[in-house]
Every structure is written in structure tokens, then in C-alpha cells.
Amino acid sequence: MIDFKKLTKKRVEEQVTDPIKLYYEKLEPASNTGPLRPAQEGVLVEWRDNRRNARDLVLKLHTGDGKTLVGLLIGQSQLNAGKGPALYLCPNKYLVAQTCDEASRFGISIVTAEPDLPPEFLEGQKILVTTVQKLFNGLTKFGRGTQSIKVGTLLMDDAHACVDAIRDAFTINLDNDAAAYRSIRDLFADELRKQGAGTFADIEAGDSNGVLMVPYWAWQEKHDEVVRVLASAKGSEAVKYVWPLLKDRLRDCVCLVSGKKLQITPYLPPLEEFGTYTKASRIFMSATTANDAFLVRGLGLAPDVVQKPLVYEKQKWLGEKMILIPSLIDDSLDRSEIVNRFGKPRPDRKYGVVALVPGFARTKDWGAVGAHVVETSDIEEVVARLRKGEAEKTVVLVNRYDGVDLPDKACRILIVDSKPVAETLLDRYMADCVAGSEMITAAIMRKIEQGLGRSVRGEKDSSVILLIGPDLVALVRTAEGRRFLSVQTQRQIEIGLEVARLAKTTEVQDGKATTALVNVINQSLRRDDGWREYYKEEMNAMATPTPNLVALSTFELERAAELKFQDGNIDGAIAIVDKLGNQAADPSEQGWYLQEKARYEYARSQTEADKLQAAAHKRNRRLLKPRTGMDFKRITIVNQKRPELIKAWVVKQGDGEQLQVRVAELLDRLQFGVSADRFEAAWDELGRALGFVAERPDKDWGEGPDNLWALREKQYLLAEAKSEIDVTRAEIHKDESQQMNNSSAWFAKNYGDVPVKRLIIHPAQKLAKSAAFHDDVEILSQTQLNALRKAVRSFYREFANVDFAAISEKKIEEALVAHKLTIDNILTLYSKKPVSFGKPRI
């Protein structure tokens, strides 16, 4: 064998640190790769010339514009400059595999961390590509504290998904079959029961929908017992990777319990434990559509870093998305119609059709028509088949709003089905407490926007995106909701709204709404010149994006307050949450920050904290019930007449189209099969929409029925909702009748001997032999519920095409009569007496 090394000049070759020169002169990419894209070259030049020495940097490129290659080139350039080791982090193994494939295609040498940290990484020779979980865990091989391995350059791909993954890495998740779950739940049973007797009963029964937070005062008082329970379980998979991180920080954690799991998570992730992360030069990569304010609280970035991202300013948008809301073209194009139309297999289909759903509960009807519901373990294989052109079956992905790339014909039609749901128990608790807050809405919109980016992955790529499900449509239909999206996505939705209006007026003929929708979709699929030119013209006219300064400020202040509290600066922490509370316009948010203030104050004055918690609960009754008790207040009829209240609710919706969207979303939650909390919230809103005063006593006061309406002076309607019961159930069980008996007793205790209609919303009409009601109770079954929903829908259609300001009380009263929604109708038409076995009432 000839030794060619002897024929070369003996010199030490200078390492190339210019990423552009590195790509064109030193790498050996695959033959099908081509030159750098203008956006890639643009950001690399800016980084090389002006941003190379930045301590932290947010790098933003359009989805599909090649962020991964840019990150790898920066990492390799830094290694060549002696600023190693270089670490490239991904939110999951799926993206690690994609990154490794990308590195191989372009001739960049990388290593992975299975099972140990490779010497080529430690010696600064090659980039290490791995998951964030590999770094952020209590048994990390990167070391913690002073033992942390020093890294020169850290790149984090899909930074927003990494935020969620890091939070999970700092959370103890105990399933309900774990001994530690039962021990901690039972330890706080009395306190949890006081927060919600009915909800805690559901938790004890294993119901996953009810969630209760352990009150912060109880958590502090029983801290030592919790430590002992978790220490005894530290060898379990659920605890061992988190225990080293939280064992000395449990006081600064929050605990939430459902019937299926218990979660303990820190108010702030202890990122400072990981010197590998905190001492590196860091680059955080995200799509241009992402709201980077979340990186402030989740990753500890300074707001000025987020406000000055590295972007390619010459490119305002990328790819083509026709985003349509079918139900705005015609009411008949509702969710069920779209599932039926696009979910069925088609052997001749040449392109992929993919649906994104928030949970497995939303997959049943897709599966019923023949769609392929993908299990988590099969995602890579299914995506690979789509890319090969195997598109006969519609593919349904569950809660995969990020990390899945479906370019070109792999997905020409993307269906986003229903609003994303909160994943962690803390997210669910916050969504219940401050549902209308900007931060909750922004978090939901972030997920939606991530989902919208799955099917368009490059400059020449195109896709039709259908938004279905009344809750999702209600959220994106309004300008108030859309303002949390990027400017690019806002513009695409506005284009879609205009297309829907045109289709409604020019395409829908003779009731053929489906034909109209298909015709519009085909204009994108068949690359209609008029559509392409219109889209390009509209997108070029969109405004220049600007950072969301309100969100940035809020996240910065929340993080600063918690840091001060954990450092023992209670006055400093309270001053900040006072500022946040004063800035909040919504009473529910004001109450939230009052509760945070009470939590901080509890560390030095329990008496003052009790006062603050009582004040917080008065502002927002979804918050923790104060341990000192509450001043109970009955709901009563206000001075306004019922028609006035109905008109106020109608006017609040904005216009006739938004009113119909809102009603559809409300009624969608009023069905059997919907989770108890969502159903009860919808029943509460229905009461307000129909001009009554309504509350949720079990939620608001910790005891009592699920729902209570004040219909008129000295006339109430009390409801226990059993929406999760299977519609085929034949009988009402003993425990369910007992819950109604308890609710009746609560009402008698607090309201006295006043007329009340008692309803149990349940699919069964018959009482089990062991069940009995102490008072007169009627059943609102599926038949009656459907009749009520139909009446409400037709009632509000009366106002779809009228000037809201001109709606008279007389018209409302006439419509209530016509659609059988008078008080007397509600008391008599929509329920029936139960069928019993002849046993006398107790």
C-alpha cells in the first residue's frame, strides 16, 4: 500500500473557522446537496462578521430553511477555532436521528452519547449530538455544579420544544399505582378535600380529569414527610433521575394530584446546577414563527437576547400555506364531515393527508373511518413511508405539534383537529384558574403554530391546512386570539378567511358545500396561477414582525420574583408580583398574582398570608380556598332583566359569524364523552349565555353541586353532571345518587327552603337497586341534552345576520318563546323523572 502522506508537504494546516469557506472548501457533502441557500449564507455571514462572540444568541430561520445545517456549521467552525467542546442538543431522539442524517449528508463528523460521552467530543474534535435529557438529569454524565464538564459551544435546536423537555426532566411523575403516589395523596387528603370535595372524590376513584393543587401552606408544613416518602422511592424510575436535583429544593416545588398521576415540579428549573449549560457560549435555534418570550422563563435568557435575534431580514416568508376553516364556508362542513370526507383510505391518492389531534380521545372517529392512528413508537416508520409516497391511508398523529417534518408530497393536506390541551397537571391547573390570560393563550397558540409548520418545509413547498373543531376555530377566528401568532401566520390565516368568504358567496350552490371546499383545495393542489399570485402578493404586503414586549416583560418579572424569593428577598419578590398584579387587566390574573404574593408572605407571616389568600380567592374563585375559611355568598338575580343579559353576551362576541363560532364551540363541550371539567365549564357559560346568574359551587367553594343557576328570584336550577359516563350505561349508581344527595343537602344548608330544580345529567334513566335520591331529582339524558343543544343553536341563529346594537328586548323574548327556552320551558321540557325499582324515597 502506498503511503501518500509521505508525498504531502509536512505542514500543519490551519483550521478553517469561516463557516462559508468550511462548507465550500473543506466538507465533502453528498452530490445532491447543492449550494447554501441565501438565508443560510446570510445568517452565517452575519454570525461570522458581527455575532460570533455573543454570549447568548437566538438564531431564527423559517421552517424548512435549513437551521440544522447552519447550527452544525457554526459548531464545527467553533471547534476549528478552539472553542470546544461543542454540544448540539435536540428535544428528542427523533430529532437526534434527523440531525445525524443531516450531518452525514453534508460531510460533518459528529458523535452521539450512547452509552458514554465519547473522547472525540471531550477533546474538542467532533460535535456531540444528543438529547436535552442526556444533559439535564440528576445522574447526568456531564456532571453537576463544580463537577460539570466544560463546553465551549452549546447549540440547542428547536429551543421551544427543548423548554418543555427540560421542564419534564425536572418533574417527578408518580403514577397512581406507585406506593409514593398513594402516600403523598393520603398525606394531603384533608387539605385536598377542602379544596374540592367532589373533585377529590373523583381523584380517589381514579378519574384523570380532576386536578387539585396541594396548598402551599400544607406543602410547607408537611415538607419533611414528603421528603421521607420520596427518599424511600428514590430507586424507582420515576424518581431516581430527578431526586438529586429536587431533594434539597422540595420547598420550592409545587405538587398537583389527579386520579391517574401526581406531579412535583419546581417553580423554576434549577438550571444553575448544570455548568455545562450555564458557562457555555450558547445558540438557541427556533423557527421565525415561534414566540421566543417563552425562552426567558424556561431557559433563563435575558430579554435583550430575545429582542435581537439573528435572522435573515431579506426573506419575510417561506413556502405556501392555504389555511382554511371549512365551517366558515358552510355550517355543514363541521368536524364530523371533514373527518368522514378526508379520513377514509384512497388507494389512488398521490400525496399524504395527515391529521394532528390533541389526544387519543379525538382519534376514535378517525380510526372508525379507516385512518391510521399512529402510536408513538411507530412515528419514524410512518413518516418514512409518507416520504416514499405511501399515502393511501390518512395518518393521525397524537399531540405531535413539533419535531415531525412532512415535506412536499409527504403531506399536501394537513388537518389540525381541535385545540391543543395542556399536558402537565400544572398547565391544566393554570388553564382552569386563568383561562383567559394572555400567557395561557400565548402558550396554546405556540403549539398551534408549531403544528401549522409540519407540512411546509421549504421555499417551493406547499400545503392546504384545514382547521377543524369548534374550540380551535373559536380561538383562531378572532383577531384577539390571532395576535399571539407570528405576523406570517396571522397573514396566512387572514388570507384563508378571505378565501372562505369568497367560497361561501361564489362556490356554495345548491347545498354542495363539500364540492365547494374540494374545488378551493384543488386550486392549491393543482397549482392554480391565480391562487399562487394572490398568495404571493398578500404575503409580500405583510407587516414587519416585532417582539411581544408584554410577554417578554411578564416572563422576565415572574422569573425575577421567584429568584428573589428563593434567595430570601421576600420584599423584593413581593414588590415584583405587586407590579405584575397592577399591570393585569383581568381579575382572574390579578387574583393569581395575589396568591403568589400570599405564598411569598407565608414564609414570614402566616396571618398576613391568610388575608392575602382570602383576597385572592375573592378575585378568582378557581384559586386555592383560604385555610381560614370563606365568607359564603349566594348567587342572586341581578337588577338587569334576562333579555339585557342575553344581549350583553351576544354583543360581546363581536359579530354574527363570531357568535355562531362561539355557540358551536360551547355546544361542542355539552356532550356526553366530554371531560367533566370542560362540560361543567360549558354548562356554567350556557347559563350566563341564556341570561342567568351561574356558578360552579364545587369549584368555587370546595363543596356543593357541579353547577348552580339562579333562574329568577327564588328559583334555582342545581345540576350534577356525569358527562364522562358511557352512553350505553343503563343505571345510575349508588355513589352518583349520593353525590346528588350531598349537593341537595348543601343547597338546603346555604339557600334554605327555596324552590330548586335538581338535575342529574346522565345517559341512564333508571336508578340502580342500591341507589336512591332523598329529594325530587330529574334526569337530563342524551335525548334531552340533544334537544336543549338544538334549541340553543337555533335561538342564537336568530341573531346571525342582524345588527347587534339594534336587537330589542322584545325580539329576544319572542325568540326565547319560539325556541322553547323560557324559564318554564327549561324547568319542564328537558328532563324526566327517573325510573326506579319501586323503593320509597328516603
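Helix α29 (residues 549-566) packs against helix α30 (residues 570-583) at an angle of about 155°, their axes lying 7 Å apart, where axes are lines fitted to C-alpha atoms, for helices over the stretch in contact, and angles run from 0 to 180 degrees between N-to-C directions. That angle makes α29 roughly antiparallel to α30, a term for angles over 145 degrees. The model is predicted, so that local features need pLDDT of at least 70 and side-chain atom pairs count only at pLDDT 80 or more, while totals for chains, interfaces and linings use all residues. Residues are numbered from 1 along each chain as its sequence is written, and side-chain values use heavy atoms, with hydrogens and water left out.

Helices (H or I, at least four residues) and strands (E, at least two) are DSSP runs, numbered from the N terminus. Four strands form an open, antiparallel sheet in the order β6-β9-β8-β7, pairing being assigned if DSSP finds at least two bridges between two strands. Because β6 (172-175) and β7 (211-213) stand at the edges with a single partner strand each, one side of each is left without a neighbour in the sheet. Strands β8 (residues 253-258) and β9 (residues 261-266) pair in the antiparallel sense over five bridges, and Cys255 stands opposite Ile264 in β9.

| Helix | Strands crossed | Angle |

How values were computed:
Parallel < 35°, antiparallel > 145°, perpendicular 65-115°, else oblique.
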